[in-house]
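Work through the exercises below with the model open beside you. Try each task before reading its solution.

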Amino acid sequence: MKKILILFLFLSIVLKLNAQTYTRLTDSALNVMWDAKDTVDYRKSLNLYKKAFIQFPKEVSDQSLYKASVLASELKDNNGAFEYINHFLALNNDERTTWDYLTFEYPQNEYKNLFKDSRWPVVLAKAQKMKSVFLKSCTIGRMNSRLAP
């Protein structure tokens with residue numbers, strides 16, 4: 001019985017050490033993306049992100065979705081890119097804004113393959129509206145704090 005317990009404990013430790021985590025997968029995807037020399041490497045990176053999203057759906061982060069959307073755009077997978085964009089926009093809240101991925105200067109380069117797609121102005125308008133609502137709430141919040149005794 002003692003041997004079985006020790007074996008079970010040993011196997012548990014080994015399996016835990018070898019287990020892939022969301023962070024490991026997304027870190028690997030990011031490293032592959034940074035070191036990419038061609039579209040084959042971009043595809044490997046995107047596949048690692050997809051694997052992380054499938055295996056750990058509760059841990060999916062807006063930043064990883066953003067990176068996956070950029071990779072999909074670069075690979076001319078517009079459907080995939082828009083799927084990831086819509087997913088990270090859906091994660092927007094008062095504590096973590098996601099509209100900024102589309103409303104700053106870099107989308108001009110990162111999403112250039114999506115500009116001619118009819119869905120681009122729709123998601124961009126959605127992000128701009130989120131930004132406007134957020135900035136308006138910040139302005140109202142500041143005004144209220146000035147008026148408070």
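Contact means heavy atoms within 4.5 Å. Helices (H or I, at least four residues) and strands (E, at least two) are DSSP runs, numbered from the N terminus. This is a predicted model, where local features need pLDDT of at least 70, side-chain atom pairs count only at pLDDT 80 or more, and totals for chains, interfaces and linings use all residues. Residues are numbered from 1 along each chain as its sequence is written, and side-chain values use heavy atoms, with hydrogens and water left out.

**Exercise 1. Helix against helix**

Task: describe how α2 and α3 pack.

Solution. 
- Step 1: recall the description. Two packed helices are described by the angle between their axes and the distance between the axes.
- Step 2: read the values. The angle between α2 and α3 is about 165°, and their axes lie 8 Å apart.
- Step 3: classify. The helices are therefore roughly antiparallel; angles under 35 degrees count as roughly parallel, over 145 as roughly antiparallel, 65 to 115 as roughly perpendicular and the rest as oblique.
- Step 4: find the partners. From α2, residues including Y22, L25 and A29 meet a set in α3 that includes L48, Y49 and F53.

**Exercise 2. The core**

Task: which residues of the largest nonpolar core touch the most other members?

Solution. 
- Step 1: define the set. A nonpolar core is a set of buried Ala, Val, Leu, Ile, Met, Phe, Trp, Tyr and Cys residues joined through side-chain atoms within 4.5 Å. Buried means under 20% relative accessible area, exposed over 50%, partly exposed in between (1.4 Å probe, protein chains only).
- Step 2: pick out the residues. The core has 33 residues, and F53, I85, F88, L89, L102, Y111 and W120 touch the most other members.
- Step 3: Two or more residues come from each of α2 (22-34), α3 (39-55), α4 (62-74), α5 (78-90), α6 (100-103) and α8 (119-147).
- Step 4: follow one member. Beyond its neighbours within four places in sequence, Y111 contacts Y66, S69, V70, S73, I85, F88, Y101, L102 and W120.

**Exercise 3. Two residues compared**

Task: are S73 and K76 buried or exposed?

Solution. 
- Step 1: take S73, in helix α4. S73 is buried because its relative accessibility is 0%.
- Step 2: take K76, in the loop between α4 and α5. K76 is exposed because its relative accessibility is 61%.
- Step 3: check the backbone. Most residues other than glycine have a negative phi. K76 is not a glycine, yet has a positive phi of about 60°.

How values were computed. Axes fitted to C-alpha atoms, helices over the stretch in contact; angles between N-to-C directions.
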